[in-house]
Amino acid sequence: MDHNPDFLSFPHHFKFGTSVSSFQVEGNTGVRKSDWDVFLAQHPNIVGKGEVGPQWWQKGKAEEDIDRLAELGMQVQRLSFEWARIEPEEGNINHDAIKRYREIIDHLHKRKIVPMVTINHYTLPHWIGNWENPKIVPAFEKYTSVVAHEFGDVTTWLTLNEPAGLIELGYLLPIFPPRYVGLRSAFVARQHMLQAHKKAYFVLKKIISRSEVSIAFDFRWYRPEDPHDFFEKKYADVVNYLAGLNYVEALKDTLDFIGCNYYAGYFLNLDFSKLHFPSTRSRSLIPPKTILFGEVRKPGAYVSDMGAPIVPGFFIELLRILWKRFHKPIIITENGIADRRDYHRSFYLLTHLVALWRVMQEGVDVRQYLAWSSVDNLEWEEGYNEEFGIIHVDALTGERTIRESAYLYKDIIKARGIAINDMVSKYLTGEQKENADLLIQHLLTKHKLDTM
């Protein structure tokens, strides 16, 4: 592969940024009653006493963080609108909520950061119930029409966030609301999600002619533990299809690009003794949040605070498959690591951006990379315990601290490329330097299906 081994350049049109979701950063002030508000009230141990997080719903809080992100060089900001704020009661539009989102969008424009909006990021208004309700499809279509008419200056939209993940965690496992466990519930909810996306897609295309529309799909990529085992290879193929690719397949005619959320990958084997069932009592439910048998991590791999392995080689394979199978532009809508100490985040960002550069050299059309997340936020059932932000937020005081890893990201954005030796020397410590050198060399030259 022809390239300068010391500097990996990204094309001029490529954009970098970060992501958040409304419920995770807004705090609990203002008019809102979602399924997650009810869930948290029923589980008061999730959010600690006095914890409020970034509080983006308070005027000025989001704007100040956007200013910080602008100083770090961000070009795109993914955020979401909260349906339960915009339509707190069926048919009743809260114009104060629309006004607040308008203030945030306008401030992004002011700081020359392009907004990308997710219409629904997990949470639902309490009045609609859940995705089994047949009324949710026309209701979602109307809600989409409202926001499309109000925000015609937003041209990149995601209708849904991680439909496969929500089906798994809310309808196959009793972890997320509505905690309706059953194959029938999962099937009906899935069908309504697919229908809702299609309706929303055509609403957005009609009202905002320049709009580009997709979904943020979630991918935990899997490989066979023994790449020479035919049955394990088939097993991994089936799981990858059922866990993510089938959603893209079902909606490919209503996707202008593929939104890709990727954090980690795992090996699968056919050792039935490793069948495990997640405990609903555990505060640390991932990985792997599944009932798959044989889902394992490679010994010695770096892991996040949530136990997720850092395996950018899996990222390469996923992006190759998405491009080969669907041949649509790709936007990395989420990629990041829970790391309270900010110890592994620089290693993670650096190696995953190298992996991304590698597949782009092969012709894979990736157009944006958005790190999760802009700021530490409410990490769903984990509360404020898991910290993904490049900007640290004290959950009690709201005090902000820009993490060291954010400056690595800033340097890459400013240079529009990766000065490998400089980045490794400046931002990595101890054994990370040697491991990064070996891993980056492997990602650039020797990455194969059966190795890291």
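# Contacts and Burial

User: What makes arginine 403 and aspartate 376 a salt bridge?

Analyst: Their closest N and O atoms are 2.9 Å apart. A salt bridge is a side-chain nitrogen of Lys or Arg within 4 Å of a carboxyl oxygen of Asp or Glu, so this pair qualifies. Arginine 403 sits in the loop between strand E11 (400–402) and helix H12 (404–415), and aspartate 376 in the loop between E9 and E10, so the bridge ties together parts 27 residues apart in sequence. Both arginine 403 and aspartate 376 are buried (under 20% relative accessible area; exposed is over 50%, partly exposed in between; 1.4 Å probe, protein chains only).

User: What kind of model is this, and which residues do its totals use?

Analyst: This is a predicted model: local features need pLDDT of at least 70, side-chain atom pairs count only at pLDDT 80 or more, and totals for chains, interfaces and linings use all residues. Residues are numbered from 1 along each chain as its sequence is written, and side-chain values use heavy atoms, leaving out hydrogens and water.

User: How do you know whether aspartate 37 is buried or exposed?

Analyst: Its relative accessible area is 19%, so aspartate 37 counts as buried. Its salt-bridge partner is arginine 32, at 2.7 Å from N to O. Arginine 32 has a relative accessible area of 14%, so arginine 32 is buried too.

User: What does the pair of glutamate 132 and arginine 184 tie together?

Analyst: The side chains of glutamate 132 and arginine 184 meet in a salt bridge of 3.7 Å, N to O. Glutamate 132 lies in the loop between E4 and H6 and arginine 184 in helix H8 (residues 183–207), so parts 52 residues apart in sequence are joined. Glutamate 132 is buried at 19% relative accessibility. Arginine 184 is exposed at 62%. The whole structure holds 26 salt bridges. Lys59, Glu63, Arg100 and Glu103 are linked in a network of them.

User: Why is the pair of tyrosine 122 and tryptophan 380 called edge-to-face?

Analyst: A search finds 29 aromatic pairs in the whole structure. In this one the ring centres are 5.1 Å apart and the planes meet at 70°, so the pair is edge-to-face. Rings of Phe, Tyr and Trp (its six-membered ring) pair if their centres lie within 6.5 Å; planes under 30 degrees apart count as stacked, over 60 as edge-to-face and the rest as tilted. Tyrosine 122 and tryptophan 380 are 258 residues apart. Both are buried. Ring pairs also link Phe23, Trp36, Phe39, Tyr122, Phe176 and Trp380 into a cluster.

User: What makes arginine 85 a charge over the face of tryptophan 57?

Analyst: Arginine 85 is 4.0 Å from the ring centre. The rule asks for NZ of Lys or CZ of Arg within 6 Å of the ring centre and within 35 degrees of the ring normal. Arginine 190 lies over the face of tyrosine 247 at 4.7 Å.

How values were computed:
Helix = DSSP H or I, 4+ residues; strand = E, 2+ residues; numbered from the N terminus.
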